Each structure stands twice: as structure tokens, then as C-alpha cells.
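Okay, hi everyone, thanks for coming.

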Amino acid sequence: MRHALDAAALESFPDDASLGKHFDAVSDLRLRRDAAAARVVDFEALRTHAASIKRHTLDHLDSYLARFEERAQEAGCTVHWAVDAEEHNRIVHGILAERGVRHVVKSKSMLTEECGLNPFLESRGIEVADTDLGERIVQLGREAPSHIVVPAIHRSREYVGELFHRTLGSPPDETDPAALSAVARRDLRRRFLQAEAGITGVNFGIAETGALVVCTNEGNADLGMHLPPVHIACMGIEKLIPRVEDLPVFLRLLARSATGQAITAYTTVVRGPRPGAELHVVLVDNGRTRLLSDPEHRDALACIRCGACLNTCPVYRRAGGHAYGQTVAGPIGSVLAPGFREDTPGRTLPFASSLCGSCSAVCPVKIDLHEQLLLWRTRTPFGAARAPLGARLAARILARPRLYRLTGRLARGLWPILSKRWPGNPVGAWLEGRALPPHPGTSFRTRLAGRKERGP
Amino acid sequence: MTTRERILGAVTRACSRTRVYPGPYASPTTEPLASDFGRAIREAGGRMEGPVPHGDVPSTILSVCRLQGTGPVRVTPDLDVDLGSHASTVDPDAVPASLDDTHVCVARGLVGVCENGAVALPLESGALRAAPFLCEHLVLVLGVADLVSDLHAGFVRLLDRRSEGSHIWISGPSKTADIEELVFGAHGPRTLTVVLVAD
């Protein structure tokens, strides 16, 4: 468990200036969220209602899934089920291969990222173009997204200028965001028109009507859905809501929580394929049923992927998404990862938190994130029958007063050495980004005894 | 056992069936004001013209089109405004890619929401779904009587107006802030103008 050292090694940020920019950009999203929430007089009532709808849905998910499937099929969709990432990828590939598809456009879907769909398809000769501009940037730069809503928030305009020059042929010194976006627009418009299939995620699935809801600001999901003859929508089973009238409750919370907008530029509600086209829905488990059967942690499945918890988290702001080493970063990523599977590397992430609780305060569906992080700490197995050596040693020392005093004298004596950074210093990781207080002199007990002798 | 049975079985075993549906949401009702609608559209990067008297709608639309420069103007079939020879109607059966050179697309909105500036459009055939996204500039025509205060009322009004078919809520031009700053026209239209028609 070496999060402080790993964050540095992963080099989320090459220098302090880019770290500062990331910190400010992400903090700004939190401020925008607050400003938007303040303008909605019933914002807290919305949160309570949305939280309640999601928990009810999770408690009755089997009947809602069955209803969604039935209604979606009535509307003309083909519904597929995938138990894990591998099955999801095989199903999607199967649909494409059967139709001889070689060029696919894909809008933002954390689920397809989670399943590793792009490399799976590309190794089988199918070209996938991510069409969300942030996703396109990380795709061309051959890296993972670092934020679930703003995937390239860790990258500067200079970086994108150089990247687009290399990969899209933009002018060598172009760094103006509008000009760079125009270059990407031209390239992707061509791909939209040529694509033989479009893959999207799903923000909400409506059980009552079998409809899929996709929210974007760019309109890339729409171009990907409406131009090619085949639309494949990939959805985690927890994304369902019961009724059409529930949708506005979530839509009024989603964009405000994510970026402070009242609503995304485009909110598309699709019931079945358009005439002459195909619509496939792939329902994915991939660890969700495991989390659902855990009564203390199942409510994390209420998540609507707004990213508000990332934006407010002091750890995320400072470390960046790549430091988490998994698809979804931030507080929600840290509670989903240990829930989805037993031995995920992300199981130590609950320890990389200050437990400040800011995440829980902004979650639109009131997931008790910071309490779940604490609970995961008590439940995380480290693969050893006993606690780590340091913890056992500390327990022994604290239980024996003479040993405690001796250790204290030793520590004060070695203070000048321990308080400096050097390779192998056991206090080393703690000292990354922190300075210890000055030498305490004598122990508290000694000072107290001296004061008692001198009298009041 | 199929994957479907496996997943549904696991979900059934996990479901606690305890927490109940909270019932309908009671939103605080407010007056739908055109001024609130206009402000919301502007905050999203769009523009509003009007309310404009019925007779002035064609000239208002054409002056908006002229503002955006020259190029093909295409209107959706359900638009009940005559723009004469200045515009052509989108053929619902056209190959969507043939609309790629559309300069301005003019469409009719069904409902407008004052709290967020969103306008609902039906999603019909392929060409009609693609038209509002392939154009450089989008113009939506909406009646003042079609305004509602919030999104809850918006969905209710939409159900009144048509059956539960596919639709889209459009609240502004296409945009992105993925490269540090806000940019319009990420993939779809660079501008959105709503022409509000007076009662």
C-alpha cells in the first residue's frame, strides 16, 4: 500500500504548473455545481427523491430488468446479456463481425472502458474511433481517461496541439482550443459519415418503456446513433430507473452536479431502432450482482456517473485520475472496485482517503461514500492471516508502558535522522509532501511531572 | 443455463425487496416565463428571438439564416412556416449523409422548458434525426403556449402532445470544454437560435 509513492511514479502531472492547472480546473467544477444547485430551490428535495428511487430500483432490480427487456424488445430492440467483460466484448464483436463492420464510432461509455472493448475490437481488425473530444484526445495519445466526465482534464492545450499535429495534421504551432476542436470535428465528421456501426453508453434505461437515455454536450452520441445502420448500446444493469416520470428528477440533478449546467446540450430518449436500422442493447453484470448482494455497499450502485465526487475530492484534485490505476477514479471508483471483484488491485484505495466526507455531501443520489470507504477498510483482506508487522509491533508497544516510554526516548533521540528524507527511511512515504513538526524536546510525561513538582 | 438466467438469478437472490417507490415528485410550480426561457438559452450559449407575432415568423427566420452566412437552408416537414424558395424540405427517406452540407436547419419544437432552455423535438426517420446535427446552425421554432416551467412539466406536456416515442431535448449549440475552454460546434451545430412565436 504505497499510494503516495505510486502517485508520484505514475506521473499524473509532469510538473507543479500542470498539477496546479488540474487542481484549479477540477475545483472550478465543484464551484459551478454549487452555483447551479443554489439556483434550484428544491435541489435537496430532488436529491432525496432521486436517492429513494434508485434504492427502490436496486431492491427490485430483477423485475425492473425483466420489464425493461420486454418493453425494449416490443419496441424492436435486440437485447443481449453479458455476465462479464469478456462476454460483453464477444457479443459486441459478434454483432459487428456478422455484418462485416470494419469502422465503428463510439461515444463516451465508462462501461466499454471497464470491459476493455477498444483493444479487443482493434486486435480483431475493427477500427474504433472515440468521438467525445476528450476521449479522442486520450485515444490518440494512447492513454486512459483520467476523469469520467472530462477525460482529458489533465492535458493542456499545448499538449493537444502537439498531439493533433502528429496524428491529425493540424498546423505545428496551433494551440487555440477552437481551432483544435475544428480539426477534430472535420476528422470525426468524416468518420461519422463512413461508420458502419455506432456504439454508445446509456445514462439511464427506463424500465416502463424500454427506452434508452443518452446525454451529451457535443452531440457525438447522436451522430453515432442516427447515421450508421447499426446502434449498439452498452448498459450496466444498475442504470435502470422505473418510469418515464422519474427521468426528469435525474436529469435535473445530473448536469448540475457534473459541470454546473442546467442540462446537457442534448438529451436523447430512444425507444427502439429507427425504421430500417438495428438497435442492440447489451446488459452487463461484470461484478454488479456481487456488489448488489452486499447489503452494506450495494447503494454505491445508485451512482449516475456525474463525477461530482471526483471534483470535490482533495485527493483526486491533487493526484489526478491516473493515480488510481483503474477505470473509474475518485471516491466512487474506490468503493465500486472492491465491490465488483474480490482481488482487485483497487482494494487498497479506501485507504487513500482523508475521509473528509465532501464526496457524500455532493452526491446527487446521496451515496454515503465516506462511510463506505471506512467500512471497506475494516473488510479489506490483505492476503495475510495476521495484521502487518508494523501494526502488530505498534500494538505491543502501546500495551506496555515501559516499552512505550523506551520507544519514545529512542524516537526522540533519532528524531534528527528520522525526520529527513533518505532512501529506506521507514517514515519516508509519510514525508512526501509533509514536513514533521520541530523536535519536541522532552516527553509530555516528563514535562507534566516537572510542572507538578514546581506547583501551580 | 443462459447468461440471462444466470444474471437474473443472481439479481433475484441479491434483491432485498424492502425499500418502496417514493411516489410522484411534487415540484414547486412556477409561472413559465419567456424571459426565464430566454435567459436559460443564453446561458447555454444559444439565442432567442421574440416572442414574435405569427406573421413575422418567416422573415425572422430568414434574417437569422442570413446572419449565419450563405448555404443550403433545410426545414423539417412538420415545420408549419412557409419560407418560399429560400429553403427546401428535408425528404424523410433521404440518405442522411446527403444532408452533410446543410448550412441552416429549421425545425419545430414541441415543448420548451424555462428552467433549462431545453426544447423537445420528435425523432422520426433517419434523415430527420440527423438533420439537426449535420447542420452548421440550428433554428428551432416554438410557440409561447408550448412553454412550461420545469422538466417535470415538460415530460407531462410531451406525453400529452404525442405518444411515448423517441425524442430529444436540445438546450444549446453543440459544445465542449475538453481542451481547457468552452468551444461551440464540437460536432453538431455551432449556434442555436430559438424563434419564439407569440400567442
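So, to begin: how many helices and how many strands are there in chain A? Chain A has 21 helices and 10 strands. Before I go on, please keep in mind that this is a predicted model.

Let's stay with chain A for a moment. Its C-alpha atoms fill a box of roughly 95 × 55 × 45 Å along the principal axes. Chain A has 456 residues, and 55% of them count as buried.

Now, where do chains A and B meet? On the A side, 85 residues are in contact with 64 residues of chain B. The area buried between chain A and chain B is about 6500 Å², and carbon and sulfur atoms give 58% of it. Which residues of chain A lose the most area to chain B? Those are Asp59(A), Arg185(A) and Tyr266(A), and together they make up 11% of what that side buries.

We get 42 residue pairs in polar contact between chain A and chain B, counting pairs with both residues at pLDDT 80 or more. The count of salt bridges between chain A and chain B is 12. If you search the whole structure, over all chains, you find 41 salt bridges.

Let me show you a few that go across. Start with Lys21(A) and Glu180(B), whose side chains meet in a salt bridge at 3.0 Å, N to O. Why does that pair join two chains? Well, Lys21(A) sits in helix α2 of chain A, residues 16-38, while Glu180(B) is in the loop between β10 (175-179) and β11 (181-184) of chain B, so the bridge runs from one chain to the other. Lys21(A) has 44% relative accessibility, so we call it partly exposed. Glu180(B) is partly exposed too, at 32%.

Next one: Asp62(A) and Arg17(B). They form a salt bridge, with the closest N and O atoms 3.1 Å apart. Asp62(A) belongs to helix α4 of chain A, residues 61-74, and Arg17(B) to the loop between α1 (3-14) and α2 (34-43) of chain B, so here again the pair joins two chains. So are these two buried or partly exposed? Asp62(A) has a relative accessibility of 10%, so it counts as buried. Arg17(B), at 39%, is partly exposed.

Then we have Arg256(A) with Glu115(B), a salt bridge whose closest N and O atoms are 3.0 Å apart. Arg256(A) lies in helix α12 of chain A, residues 247-258, and Glu115(B) in the loop between β5 (111-113) and β6 (119-122) of chain B, so that pair joins two chains as well. Arg256(A) is buried, with a relative accessible area of 4%. And one more for your list: the side chains of Arg189(A) and Asp100(B) meet in a salt bridge at 2.6 Å, N to O.

Inside chain A, have a look at a whole network of salt bridges, which links Glu127(A), Arg136(A), Asp187(A), Arg190(A) and Arg191(A).

Now let's zoom in on a single residue. Where is Ser107(A)? You'll find Ser107(A) in the loop between β2 (103-106) and α6 (110-115) of chain A. Ser107(A) counts as buried, at 3% relative accessibility. Setting aside neighbours within four places in sequence, Ser107(A) is in contact with several residues, including Thr131(A), Ile199(A) and Asn220(A).

For contrast, let's go to the surface. Leu410(A), Leu414(A), Ile417(A) and Trp422(A) form a nonpolar patch there, and their accessible area comes to about 390 Å² together. Trp422(A) is in the loop between α20 (401-418) and α21 (444-454) of chain A, and it is partly exposed at 36%.

Last stop, chain B. Ala145(B) is in the loop between β7 (137-143) and β8 (147-148), and it is partly exposed, with a relative accessible area of 48%. Not counting residues up to four places away in sequence, Ala145(B) touches Arg157(B) and Asp199(B).

Technical notes: Residues numbered from 1 in each chain as written. Chains lettered and ligands numbered in written order. Predicted model: local features only at pLDDT ≥ 70, side-chain atom pairs only at ≥ 80, totals over all residues. Heavy atoms only, no water. Salt bridge = Lys/Arg side-chain N within 4 Å of Asp/Glu carboxyl O. Helix = DSSP H or I, 4+ residues; strand = E, 2+ residues; numbered from the N terminus. Buried < 20%, exposed > 50% of the residue type's maximum accessible area, 1.4 Å probe, protein only. Contact = heavy atoms within 4.5 Å. Patch = residues over 30% accessible without salt bridge, like charges linked within 9 Å, V, L, I, M, F, W, Y side chains within 5 Å. Areas by Shrake-Rupley, 256 points an atom, 1.4 Å probe, with all protein chains shown as cover. Buried area = accessible area lost by both parts, 1.4 Å probe. Polar contact = N/O pair within 3.5 Å; in protein donor to acceptor, adjacent residues only side chain to side chain.
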